[in-house]
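Have the sequence and the model open as you read.

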Amino acid sequence: MNPKHETPWWLETPWRLIQTNLSDIDFRDLDPDRMVADFLAFHATVAMINAGGISAHYPTALPFHSPNPHALHGGLSQLVDRCHENGIRVIARCDFSKVTEAIYLQNPDWAFRDAQGMTMMYNGYVQTCICGGYQQSYMFEILGEIFDRFPFDGLYCNMGGFQTRDYSFRDYGSCHCANCRDAYRAYAAHDGPQADPPTSGPACMAKDQDVAQAYTPTHYPACMAKDRYMAQADIPTGDPAYANFKKDVIRRQREKISAFLDGVSRRTGRALCFDGRDYVRIEASTELHRDLPYWPYRASSNCRAVLGGAPKSTQTTPSATASPVGLDNPPSGPGATRTHVGQDNTPSGAAPTCTHVGPDHPPSGPAPTCTHVGPDHPLSGPAPARTLICSDASVDFLGFALRNVSVGPRLHALRLWQNIANLGGLDYYLMGRIDRHEDRRAFEPIKGIYAFHSKHEGLYRGLENRADVLVRRGDVWAPTAEEKGWISALTQLHIPFAEILPDRYEQADLSRYRLVILPDSASMSEAEAAHTADFVRDGGVLLSTGAPGLSFSSPDVHAPGAQAPSPETCLAAYDHRPTTGADTDTTQTDPGAIPPLHRLMGIRPMVSRRDDLASAVFALSDEDRAAFPSFDDCDVIALGDSYLFLETEPGVRTYLHLLPPRPFGPPECCYPHHVFGQPNQDFPASGRVTPALTSCPGVLVKTHTRRQTKASPSSPGHASQTGVNPTIPSGREDGTPTQTGVGPTIPSDPGEGTPTQTGVDPTIPSGREEGATPLTGVGPTVPGGPGEGAPPATGVAVTIPWYPGEFYHRTGAGNMFLFMKDILCGICGCKQLSSTLSPMVEVTVSAAPTYSNHASCPSQPPQTVEATASAASSCSSAAPAGHTLVQLVNTAGCFGGSFWDPPPVHDVQLSIPFPRPPSGIESLMGRPVTWGYAHGRLDLTLDTLEEYDAIVISKEEP
């Protein structure tokens, strides 16, 4: 296949991956035919198989590639050939993070060194450094040998980057080897900050400084000078310059690997996929000592975060100059080009020319610019926006120490259904061969899910998330507790949403979203903040918690047990009254110095923050209850530990009142003694507090007149700026006849319909800030009919200066859930797909302009690789167009850390925005579905939901 002209295989082949992470002895009696039969029993289309790195699972000719003595009979070659003969693509798994001690002793410069110069050794294997000669040079000799000998279809490199922990989770800190010090000096001189280097960072690690201690010959060969390996200073883990340096090293390394694979593709004509460029491998896993509670939405969130949001432009973009930025490879350093790659992100901007290292790319002389993005990645040319596959692996084992014990069938099933529902691929990762696995309880359920996907694979092709709510996440591997709390609440409220990572947020098309949520996004870049400000000016709704892009204007941060200012002092600072003592008076902040996003939010730099407020609460006034209807029989809202005292601009409306911490023991004194300086006798005899005595708010709302845009009324941008999803229209004139039906067939509908104008916001009473105009309808004003199309009058910035998501994730408290519900469904104007459905059911809505008719797709893999592409092509060409897929995942089997068969949910009722009456509705699980249509909404009732179902809605012919 010529990669220049053919669609790459990973965009044609349904992604059902099995990784059998093979140990050395697994090759001793490996039967390729049996192993392929096991893959086929799972309906796998992709296999990931160990090839080289730590061990060479074939007869290697390289001196520093440790041979597996059990793999000298050609079993790997036969296995790859048998997979190809049966239509299974094979990705080579390589791990260059470690070498044997024997290889290390001959190449000590390759090793990781901690701050004392010690290596990281585990079971006879020594950790290598990404800046050392092994990963920078020798690994390309190994890759050259592997891809010359075996016709692999892609590459996965395990444990790349800067590893600091071993398998027992001992943290050795940052690497201090001479290669890291030299690389950092070079980075700081050319790409790093222009300010003086950090006093304790790698740039100041002069080799003539005193060494810390002596070391044993185990770590240093006797023939080598010890001081060559001695680190002279610690690397500060919080140093932004060093963090950017690490990102830059990873980016350049991935560029070199991509360039190497490009060379193989040119030479062989094989299109090769690479992790982080064409697919992203992430894991849904458990670990024995991981903190509880176990988060049941891990797989769903992984897929959403990897796939990200919509790019600013849906047009294809030439990719000849783009650099391959993966999830562990964000751009960094001044002048670096931010390249957005993936399913929803087309590459843009110029990137530096790659340095080609390896057998096909000698380092001498300039190298031509490579294409690292999209299906045409070996050659230049346009690449479509949707090119990234999320391969979210359901990890079989309980933890590193128990790799032979499975987490069990129900957790695997939950993860895999969540992958499907959130547009990810199927991926099952187990240790060792399938035929000798010691805990096989999950095999049959996993096979059933893979078979289901195989039967209906055409329906899942090309789907896009049609949510109009976007959540910004800071990191794909470690979502914060604040992020988890909001993701959980949105899921349990049945509000469809997408997630996005920082490196894509700046380029995302925010105009397609009604609401953007920033859960404590303190690390936002200036470009991200400006992009967000434009979103609000264009009529969007912004919800931020904690400190979005804020820095502390004073050192007045108080942890539990620390000496904190009095409540009166904090209140005085908040109320713009003169402060005394150690507090800094920031009331004279220059308005011109306030960042644009903060000005739109109506806030100024932080006055103070307290982290000792565990017994503090917010009180509701009678006015507040109209905005928070869930609290008709409750007077207070929990807070958690932390609150940020912010200055506010005129016109900010406020809701709720902060009551200070009260004694919580002994019971005799558990009552409020004061309200920020007010004596207790001011409280009514009933014990209910008077919220008007305080003015530290729980919610701040700032509205803005929508700026004029050039978008036409019919353009997607205009439709999205009305706060609705432009691609799932719902506008219908009143009086449209209601239509009903039960599970008819699914014909095609090429029409896209009329832009929706749903989601009218409830009336919110006015706040209490002086000079504020009474607030009616905080969210954008949305007209009711499809012909009106008027843009919203306002953009809205909602600020919560504390951390409700963290509190909800940590406690699961219903009090906090109700607060988040009223914020999302009331003040922010979100629409629930169902107000009666159990919160334990996940609901996603996705759609595709073109899809494959599931009835015409083969249920078994074809017998050859060529047949795979042919079958996919014929299946796709026979498909009708424009279907919507509503997917439901039943999580009710989660009970603490245990996972059981979920109890069935009956009479599942949903209300979906839809452009016109559908021509057919079908449950893929064969359950009865009744439906009715009126006023731009499709009301569905699914008879019974067991663990998963997908409702296929086809559009009526226009």
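Phe631 is buried, because its relative accessible area is 1%, under the 20% that marks a buried residue. Keep in mind as you look that this is a predicted model. You will find Phe631 in the loop between α16 (622–627) and β24 (636–638). What does Phe631 touch, once residues up to four places away in sequence are set aside? The list is Leu620, Arg625, Val636, Ile637, Asn815, Leu818, Phe819 and Asp822.

Among contacts between residues at least 6 apart in sequence, 80% join residues at least 24 apart. The protein has 958 residues, and 59% of them are buried. Its secondary structure comes to 20 helices and 41 strands.

In soluble globular proteins, nonpolar side chains tend to be buried together. Here the largest nonpolar core has 92 residues, and Phe39, Phe147 and Phe152 have the most contacts inside it. Helix α5 (residues 133–149) gives the most to this core, contributing eight residues. A second, separate core has 49 residues, among them Leu493, Ile517, Val798 and Ile827.

Next comes a sheet. Strands of a sheet pair through backbone hydrogen bonds, either parallel or antiparallel. In this open sheet, eight strands follow the order β8-β7-β3-β2-β1-β15-β12-β9, with parallel pairing. Which strands stand at the edges? They are β8 (273–274) and β9; each has a single partner strand, so one side of each is left without a neighbour in the sheet. At the β8 end, strand β7 (residues 154–158) pairs with β8 in the parallel sense over two bridges, and Gly154 stands opposite Cys273 in β8. Helix α3 (residues 75–85) packs on the sheet and touches β2 (46–52) and β3 (89–95), with its direction making about 165° with that of β2.

Ser285 lies in the loop between β9 (279–284) and α8 (298–307). Is Ser285 buried or exposed? Ser285 counts as buried, because its relative accessibility of 14% is below the 20% cut-off. Beyond its neighbours within four places in sequence, Ser285 is in contact with Arg290, Tyr294, Val395 and Arg415.

Arg415 brings us to helix α9, where it is one of the buried residues. Helix α9 (residues 409–421) has 13 residues and reaches 18 Å from its first C-alpha to its last, close to the 18 Å expected at 1.5 Å a residue. Because 12 of its 13 residues are buried, α9 is largely enclosed by the rest of the structure. The buried residues include Arg410, His412, Trp417, Gln418 and Asn419. After α9 comes Leu423, which has a positive phi, near 70°.

A disulfide is a covalent bond between the sulfur atoms of two cysteines. A search of the whole structure finds zero disulfides. Take Cys390: its closest cysteine sulfur, in Cys303, is 3.9 Å away, which is too far for a bond. Cys390 is buried at 1% relative accessibility, and Cys83 is buried at 0%.

Our last stop is strand β34 (residues 884–890). Seven of its seven residues are buried, so β34 is largely enclosed by the rest of the structure. Both faces are covered, with Thr884, Val886, Leu888 and Asn890 buried on one side and Leu885, Gln887 and Val889 buried on the other. Strand β33 (residues 841–847) pairs with β34 in the antiparallel sense over seven bridges, and Val843 stands opposite Leu888. Six bridges join β34 to strand β41 (residues 948–955), also running antiparallel; there, the bridge partner of Leu885 is Val952.

Key. Residues numbered from 1 in each chain as written. Heavy atoms only, no water. Core = buried A, V, L, I, M, F, W, Y, C linked by side-chain atoms within 4.5 Å. Buried < 20%, exposed > 50% of the residue type's maximum accessible area, 1.4 Å probe, protein only. Helix = DSSP H or I, 4+ residues; strand = E, 2+ residues; numbered from the N terminus. Contact = heavy atoms within 4.5 Å. Pairing = 2+ DSSP bridges. Axes fitted to C-alpha atoms, helices over the stretch in contact; angles between N-to-C directions. Disulfide = S-S within 2.5 Å. Expected span 1.5 Å × (residues − 1).
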